[in-house]
Amino acid sequence: MFKSNPLFNTLVQLKGNPRACVWTEPLWGIPFNLYAPYASLYMIALGVTTSQVGLIASLGMFVQVFSALVSGAITDKLGRKRTTFIFDLISWSIPCLIWAVAQNFTYFVIAAIINGLWRITANSWSCLLVEDANPDTLVDIFSWTHIAGLLAAFVAPLAGVFVGRYGLVPTVRVLYLFAFVSMTAKFVILNVFATETKQGEIRQRETANQSILSILGQYGEVMRQILQARQTLISLGIMLVMSICTMVNGTFWAILVTERLQIPQQNIAMFPFVKSVVMLGCFFFVMPKISRLHFRRPMLTGFALFILSQLLLVSSPVGGYVILLVSMVLEACSLVLIQPFMDSLVARSVDARERARIMALLNVVVISLTSPFGWLAGLMAEADQRLPFMMNIGLFVLGAILVIQAARFFKPQEPAASAS
């Protein structure tokens, strides 16, 4: 089965930076997906209110606006490899330690500000991943980056057991300490085995005598380039839809399930476990059959399933385990159908020569427009904890419309890679 599976073939055949990035990703993805389901509950257990949770999410987004803006200039100036190493340590290792010892709202504000710098390394890491990669394998490569985090499914139930036995706060503190160790190991190993990309070397030479501010001053021309490329603008719209909905689900799902549906905290881990197992199954058995398809049908199907999952979530009764599980299964399938194709679509819709700065500006726009939704969703949740997910449904409809528009630029008979 493995030899005939294109996904496994891609993994085995990866070389250079794509291999270093993909093979080390579980060291980041596993700990992140272990603590993420409990993050909001952890804050509330330490005295943070629901509206403050939303405020922290929005604050983190505002910091991300700044870091995304400068990410292209820093990535070009320092190089993809060096930028990734430095800002991985700053934006992930340090916040994990702060979260592990957090006592109140102030700790989470400080951690959110520092963690917001992850947009810099997200840009540089993305360049490191794709710039020397075969364009035909991009969907498979992005699939493996998502799979890396899903491996946490096999140990996630243990987190639920520990929450039930030792309590939420002590367990999550240990999860954050584990994340610090695992993520830091990943950053060091990646730095050892990665090399600067060809485009990165070119941009380093071109910016050698320029300051960060002077590089930022050239963003006007880059923005004009973006505004003249409709396929890039449509990809931006899809990114925005998924960014808002991911933030809403990641911040308010656990609150809805525990407070409105009255699911015990120790049972929360069961749902991410089911989600991860279903996603892994889809990646290994469904994605190989569709990864070479045109993105239109998979992504439209994904948005339809996501809408259905949210409808089930908001209509679930108190203690409605079965409906919640069905909702989680549908969401898992939808993410597999949307995320890798969206990542590939965005990567192919930008000019490869200006990838760092274009991605920087795209991220600035996405974060700027996403950040108010954390605060807005927090207010919605205080009025009715179902409202943020009703908002998601409308956004998913918009996402489907944008996919239809994007398909006009990337025809099935015309390889999308030629667009870049």
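**Close-up views of a predicted model**

**View A. Helices α8 and α20 meet.** Arg-119, Asn-123, Cys-127 and Val-130 in α8 meet Arg-355, Ala-356, Met-359, Ala-360, Asn-363 and Ile-367 in α20. Contact means heavy atoms within 4.5 Å. These residues divide into six nonpolar, two polar and two charged. (Ala, Val, Leu, Ile, Met, Phe, Trp, Tyr, Cys and Pro count as nonpolar, Asp, Glu, Lys and Arg as charged, and the others, Gly among them, as polar.) This is a predicted model, where local features need pLDDT of at least 70 and side-chain atom pairs pLDDT 80 or more, while totals for chains, interfaces and linings use all residues. Residues are numbered from 1 along each chain as its sequence is written, and side-chain values use heavy atoms, without hydrogens and water.

**View B. The axes of α8 and α20 cross.** Helix α8 spans residues 118–130, and helix α20 spans residues 355–383. (Helices are DSSP runs of H or I, at least four residues, numbered from the N terminus.) Their axes come within 10 Å and cross at roughly 140 degrees. Axes are lines fitted to C-alpha atoms over the stretch in contact, and angles run from 0 to 180 degrees between N-to-C directions. The two helices are therefore oblique to each other. (Under 35 degrees counts as roughly parallel, over 145 as roughly antiparallel, 65 to 115 as roughly perpendicular and the rest as oblique.)

**View C. Helix α3 packs with helix α11.** The axes of α3 (residues 26–35) and α11 (residues 168–193) lie 8 Å apart, at an angle of about 160 degrees. That makes α3 roughly antiparallel to α11. Residues of α3 in this contact include Trp-28, Phe-32 and Tyr-35. Those of α11 include Tyr-176, Phe-178 and Lys-186. By class, the contact has 14 nonpolar, one polar and one charged residues.

**View D. Trp-253 sits in the largest nonpolar core.** A nonpolar core is a set of buried Ala, Val, Leu, Ile, Met, Phe, Trp, Tyr and Cys residues joined through side-chain atoms within 4.5 Å. This core has 132 residues. Helix α15 (residues 230–260) gives the most to this core, with 16 residues. Trp-253 touches Val-248, Ile-268, Phe-271, Leu-313, Met-328 and Phe-389, not counting residues up to four places away in sequence.

**View E. Gln-262 lies in a loop.** The loop runs between α15 and α16 (270–285). Gln-262 has a positive phi of about 60 degrees, although it is not a glycine. Most residues other than glycine have a negative phi. Gln-262 is exposed, with a relative accessible area of 54%. (Buried means under 20%, exposed over 50%, partly exposed in between, with a 1.4 Å probe and protein chains only.)
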